[in-house]
Amino acid sequence: MKLADLLARAGNACEFCGAAEALDAVDMAPAGPVLLCAACRGESDVPADHWRCLEGAAWSAEPAVQLAVWRKLGTIEAPWATEAREAMALLPEVEGWAHAPLAVEHRDCNGALLAQGDTVVLIKDLVVKGAGFTAKRGTAVRGISLVHDNAGQIEGRVEGQRIVILTEFVKKR
Ligand SMILES: [Zn+2]
């Protein structure tokens, strides 16, 4: 979508707060772009109550705006945000996007794709902070789980403890 088309859709105003300045497109994959001001893009510190604008934006009929509001509300730890999110009437396609897992790929030190339940081997000694031991190079970690929103991290059990391991230090077996 061209910026001119987006500006027209948004009425030349931030699709969160209605501000008319410093507008730019933000990709809200897979829904498409939304038009946001610098504050709503997170480029400057704003008072917490700035985000109350989302309560109004939540009523947008635009799928991309719905998804953007839904995601943003999910990052705000306040009762009003939780309530506003639960009260949203998401379009069916937005409902699907909102609950789909993020498409992040976890790859080992060689670039091989990792999957939930895989066994990996540590390629170097890892000091486990807070646990008081070092996971030795060559240790096999069975049944890993993928950290949902971070492609650089997996979780696995080493010496009976569940730890986070960086994917760059493991090799798939
Ligand atoms: Zn804004």
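Where does alanine 31 lie? Select it: alanine 31 sits in the loop between E1 and E2. Helices (H or I, at least four residues) and strands (E, at least two) are DSSP runs, numbered from the N terminus.

Before moving on, note what is on screen. This is a predicted model, in which local features need pLDDT of at least 70, side-chain atom pairs count only at pLDDT 80 or more, and totals for chains, interfaces and linings use all residues. Residues are numbered from 1 along each chain as its sequence is written, and side-chain values use heavy atoms, with hydrogens and water left out.

**Stop 1: around alanine 31**

Stay on alanine 31. With a relative accessible area of 22%, alanine 31 is partly exposed. The scale used here: buried is under 20% relative accessible area, exposed is over 50%, and partly exposed is in between (1.4 Å probe, protein chains only). Show its contacts (heavy atoms within 4.5 Å). Beyond its neighbours within four places in sequence, alanine 31 touches Pro63, Ala64, Leu67 and Trp97. Alanine 31 and tryptophan 51 are 20 residues apart in sequence, and their C-alpha atoms are 21 Å apart in space.

**Stop 2: helix H3**

Select residues 63-73, helix H3. Of its 11 residues, 9 are buried, so H3 is largely enclosed by the rest of the structure. The buried residues include Pro63, Ala64 and Leu67. Trp70 and Leu73 are also among them. What do the buried residues of H3 pack against? Colour H1, E2, H2, helix H4 (79-87) and helix H5 (92-99) to see the partners.

**Stop 3: the zinc ion**

Centre on the zinc ion. Its ligands are the SG atoms of Cys14, Cys17, Cys37 and Cys40, at 2.2 to 2.4 Å. Donors are N, O and S atoms within 2.8 Å of the metal (3.2 Å for Na, K and Ca); water is not among the atoms, so sites may look incomplete. Why is the arrangement tetrahedral? The 4 donor atoms subtend angles of 106 to 117° around the zinc ion, which makes it so. For four donors, tetrahedral requires all angles to lie between 85 and 135 degrees.

Along the chain, the donors of the zinc ion follow the spacing C-x2-C-x19-C-x2-C. Cysteine 14 is in the loop between helix H1 (3-10) and strand E1 (24-27), and cysteine 40 is in the loop between strand E2 (33-36) and helix H2 (53-57), so the pair ties together parts that are 26 residues apart in sequence. Cysteine 14 is buried at 5% relative accessibility. Cysteine 40 is buried too, at 6%.

**Stop 4: alanine 22**

Go to the loop between H1 and E1, where alanine 22 is found. Its phi is near 55°, a positive value in a residue other than glycine. At 48% relative accessibility, alanine 22 is partly exposed.

**Stop 5: the E8-E9 hairpin**

Select strand E8 (153-158) and strand E9 (161-166). They form a hairpin with 2 residues between them. The strands run antiparallel, joined by 6 bridges. Two strands pair if DSSP finds at least two bridges between them. Glutamate 155 faces valine 164 in E9. In the turn, glutamate 159 has a positive phi of about 50°. Glutamate 159 is exposed, at 60% relative accessibility.

**Stop 6: a three-stranded sheet**

Finish with the open sheet of 3 strands, ordered E6-E3-E10, with antiparallel pairing. Strand E6 (140-141) and strand E10 (170-172) are at the edges, each with a single partner strand, so one side of each has no neighbour in the sheet. Strand E3 (residues 120-122) is joined to E10 by 3 bridges. Valine 121 stands opposite lysine 171 in E10.

Methods: Tetrahedral: all angles 85-135°; square planar, octahedral: opposite > 155°, others 65-115°.
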